[in-house]
Amino acid sequence: MNPFASKGKVVKHSATLHGHRTSFTLEEPFWQELKAIAKDRDMPLARLIAEIDDGRGREGNLSSALRVYVLAWVKARADATGGA
């Protein structure tokens, strides 16, 4: 049995960005990591999501932008600590 199977469930989330409600879907590990990043950066989660949204290209969607951001953050942290 795959121990990660249940963690890969996609969940719909909502946030208010610049006064407008929006929704996006993320797998639970991405959601948890996004919350940890906001805490690490000492900023509200909604502000982090808005920052990522503001920086993404109009071609992609918010869910993808959030996943890519989390991946880049994790990789940068691993590189900084000498991890692989």
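Me: Is arginine 67 buried, partly exposed or exposed?

Reply: This is a predicted model, in which local features need pLDDT of at least 70 and side-chain atom pairs count only at pLDDT 80 or more, while totals for chains, interfaces and linings use all residues. Residues are numbered from 1 along each chain as its sequence is written, and side-chain values use heavy atoms, with hydrogens and water left out. Buried means under 20% relative accessible area, exposed over 50%, and partly exposed in between (1.4 Å probe, protein chains only). Arginine 67, with a relative accessible area of 21%, is partly exposed.

Me: Which side chain does arginine 67 meet in a salt bridge?

Reply: A salt bridge is a side-chain nitrogen of Lys or Arg within 4 Å of a carboxyl oxygen of Asp or Glu. Here arginine 67 pairs with glutamate 27 at 2.8 Å, N to O. Glutamate 27 belongs to strand β2 (residues 20–27) and arginine 67 to helix α3 (residues 62–80), so their contact ties together parts 40 residues apart in sequence. Helices (H or I, at least four residues) and strands (E, at least two) are DSSP runs, numbered from the N terminus. Glutamate 27 is buried, at 18% relative accessible area.

Me: How many salt bridges are found in the whole structure?

Reply: The search finds four. Among them is the pair of arginine 41 and glutamate 51, at 2.7 Å, N to O. Arginine 41 is partly exposed, at 31%, and glutamate 51 is partly exposed, at 36%. Another joins aspartate 53 and arginine 56 at 2.6 Å, N to O; aspartate 53 is buried, at 11% relative accessibility.
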